[in-house]
Structure formats: structure tokens, C-alpha cells
Amino acid sequence: MSTDIGTAGNRQQAVIPALRSAQGAPVGGPAPTHTWRAVLLRAVVASDLGLVLGVAALATALGVATRSWDLQAAAVSSCIGAGVVLTLMAAMRCWDSQVIGQGAEEFNRIVRAFVGASLVLAFIGYMAKANDLRPWVIGVLPATGLALLGGRYLIRRVLHTARREDLCMSSVLVIGTEQGITDLVARTLRVPHHGWTVVAACTSTGEAPDGAATVAGVPVVGDLDGVARQVAELGIDVVAVAPTPGWTPKRLQALAWELEGTGVDLVVDPGLMEIGGPRLHVAPVDGLPMLRLTEPRFDGVTRAVKAGIDRLGAAALLLVLAPVFLTIAVLIKRDGGPVFYRQERVGLNGRHFRMVKFRSMVVDADRMVAQLAADNEAAGPLFKMKRDPRITAVGSTLRRLSLDELPQLFNVLGGSMSLVGPRPPLAREVAHYETDARRKLLVRPGMTGLWQVSGRSDLTWDESVRLDLRYVENWSPALDMNILWKTVGAVTRGRGAY
């Protein structure tokens, strides 16, 4: 990671002269124009309008909203339906540039808009006794909503592809300590699709430790009193504030006032690393906003619902994938040895269970670990080799496509595993766990998880623990759905699978 930070730092240092030459507008004046943001917004609006109006026109042409084909009645119903949808989308701020291309909130707003539109149309139909609106509520609106979500997803994929080439990025000035700056630079490198490039930093002393000019390759351009001036000179898009000695609430308020009207985003790190989503709530006390941190929910109705979804999903997948199971079993059997491989793993609350996989290694591969220990390429208590001599010819393909893990559906069906969760550890790994890593055992291990969609075996031990703990601390049904969706792409690419 240090090499990555250094490389990024060289690129970020090269950005500074270009930013200075741009001479951004003075604080309080108009913000610098970012063509890519305007293009992105126009693309999203055009896609949404085109899909909504296109579906409405198609519904009119087909007479969907009438019992017997009547062009005038169908046109009236389509106009009402499209009008309600667009009004609700505007009310839910579905075209807010702050959420377009960022996180799940963009999709959540579209879902809320279409649910609201369905309720409004149902109410209008009931009050006006307009049965012609019923097909819109139960058919046209859901189809339109899915089409819009698909369009937004495709636009986001294009945006993420551009950002991997350092295009369509927002320049960030970070205020913080050496550790805070280094951490933010590392995170922006791990997730370039977020669209942030740290190009400058301000510290309490106005310089880096030991008199250096940079921190993690990022130039230190001033102290805490010069933030607003540096933002104006460099044409910064985002100011990120991390906990810093000497940085007081009064300073933050003054900076917020200075940045008003500039179009610059001000984001604040509350110091609660890896905790967010459903556990963070704002609880004002006499006008002072306080962050209320609720406890993670690991039991009760929440766990029962998750377990029920897991078992239903596993049963359905086992039925659908039965031909795949049979084909893989035949191929492995031709290679010699048993089809399945069972290994003891540690699950919920430290209980041991037998995890089942398709055998991808030679028989008695576990006994060869000691002989290969010197060639271990994984950090921490893990054992991994990119070119493991124990893997069979069939096993290599199974591992690359993660097909060897399909029999874990039997574990999910039996309740020892979940579809989504932390990586199931070995007992020898758990023996070396520190206190933080042991929190992974508060939930059932999963067939897939944040570790699966973020690099798998290419992750360091610390990164793997960090991702598993993020899941434990922030679990929600929406997070599970997001991980399952991303798993499809991760398996297809095969990155980190060995």
C-alpha cells in the first residue's frame, strides 16, 4: 500500500500547479465549473425522462390502461401516471447532484419515489373511481422503476470506468494529522470509484512532521487558519476535516461560513471509523447536533428474518443449480478421490462446524501445510499461495470461478452459515485473534461478504479483518443485497481467487 500511496502522491503533487494556474474563484464567489458534473447530471436527467416518457407512450399505444382500446383514455392515464412519477422523483430529489453516482442513496430515492407514486395513483384511482389507473399501479410503474434503476446503474458503470482512469474526479483538501491524512489517502486509493483525489493538506503546524513537504505524497499547503484561502487558490471541490489538535467547533463553523456560496463540499470525520448507516442518528441537544450510536443488533427478530431468508435462498439455489452440482461432481470424480471436502471451521459464538466444499486439492492436502509453511504468501494467521502445488487441474478452474464454494449452500440450509457474512475462519486462525477480530464471531460466517467483493485473497490480513468488522458493525438487509449483487461481478472477474 505504501508504494501505491507514493505513486498517487506523485500524481497528486503534479495536480497542484494545474490547480494554481486555474486560479479558482475567490471565496464567496462562484465555484469553478466542472464540466463532467454537468454532463453527468444531463445524462441522468435525459435517461430518466426518456424512460418515463417512453414507457408512457408505449402504454398509450398499446392501450394498457383501458379495458377496450381507447387512445384518448389511454393518453389521459399515461399523462397522469408520468406526471405523478416525475413529480415524486423531483420531491424525493432524485436529481440531486450530491447523490448521483454515490452509494445506495441514489437508488433508495428512486425506489421511494416509485412507491410513493404507486400510492398516489392508487388513491387517485380510488377517489375518482378511475379503474384505468390500476394497470399503472400494478404493472407499468414497477416496470418503469426497474428500467430507471437499470439506466442509473449503467451510467454509474460508465462513471466508475472513467474514474479508474483518473477522470471525473473531485479534488480534496484534507485537514488533519499525519495519521488522518495517510488514512484518507489510502482509502481514496482503495475506492477510486468514489471520485476523490486528495491533492493538498493542512495541518495544525502548517507543515508535515520532521519538516517534510508532504504527507503520504500529498503536499502540505498551510495551517488551520489558511484553509479557506487555499481552497480558493487551488480550486478545491471537497474539504475533508479529520480530528486535529487545535481544530475547534468554532473554527469549523467559521470555515463553513467562509465556504458558503462557493459550491465546495465540507465533510467532517466524526472519529467513528467503520460505523455508519443504520447505527448513526442525529440527536440534537438544545440545537447542538449530537451523533447517537445505537448498538448493533445480533439477535431477536432481525436474526430470525436473516436466517429465514438465508434458508429459503439456499433451498432455491440448490434446486436451480442441481445440474451444475452434478457436472462438477462428475469432473472431480474423474480426477480421483472424494467429490466433497469437509473442514472444521469456527462459526457463530465460536461454535465449530463442518464446512463442505467441492474438493479442489489433492487428497490429504491439509497434511502438506507444514511442508509449505515457508512459502506462505498471506499475512497474519492465514495460509495462502498463488501457485499452490496441492491444487488439482479441475480445482484451479473451480477456485477461479468460486464454484468450489457452492456446496456451502448445504451449510446455509442447515443454519451453520449465512449467504452473506464474515469469512469462516479455521480454529488455528481464531487462536491468534485479537479482541477486535473476535467480534467477527458475533454473526454467522457467510458464503460471500465484503472480503469477497473487495479482493478476496489479494487482501492483507488487516484489510480482511477491517472489512469483516465493518459488516458486523453495520449489517442491514440492504447491505446484504448490495454484497450479493456485487458478488456476481467479483466471481466473474475472478480477481483474488486462488
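Two strands count as paired here if DSSP finds at least two bridges between them. By that rule, β3 (residues 214-215) and β4 pair in the antiparallel sense over two bridges. This is a predicted model, so local features need pLDDT of at least 70 and side-chain atom pairs count only at pLDDT 80 or more, while totals for chains, interfaces and linings use all residues. Residues are numbered from 1 along each chain as its sequence is written, and side-chain values use heavy atoms, with hydrogens and water left out.

Let's stay with β3 and β4 for a moment. V215 has V218 as its bridge partner in β4, and the two strands make a hairpin with two residues between them. In that turn, A216 has a positive phi of about 55°. On to β2 (residues 196-202), which pairs with β4 in the parallel sense over two bridges; there, C202 sits opposite G222.

Six strands line up as β3-β4-β2-β1-β5-β6 in an open sheet with mixed pairing. The edges are β3 and β6 (265-268), each with a single partner strand, so one side of each has no neighbour in the sheet. Further along, β1 (residues 170-175) and β5 (residues 238-241) pair in the parallel sense over four bridges, with V172 opposite V238. Helix α8 (residues 249-259) lies across β1, β5 and β6, and runs at about 160° to β6; that angle is taken between N-to-C directions on a scale from 0 to 180 degrees, using axes fitted to C-alpha atoms, for helices over the stretch in contact (heavy atoms within 4.5 Å).

What about the nonpolar cores? Each is a set of buried Ala, Val, Leu, Ile, Met, Phe, Trp, Tyr and Cys residues joined through side-chain atoms within 4.5 Å. The largest has 28 residues, and F358, L409, Y471 and I483 touch the most other members. Elements giving two or more residues to this core include α9 (300-320), α16 (461-474) and α17 (477-493), but α10 gives the most, with four. Leaving aside residues up to four places away in sequence, I483 touches V420, T448, G449, L450, V453 and Y471. A second, separate core of 19 residues includes M89, C94, A117 and W136.

As for the whole protein, buried residues make up 43% of its 498 residues.

Key
Buried < 20%, exposed > 50% of the residue type's maximum accessible area, 1.4 Å probe, protein only.
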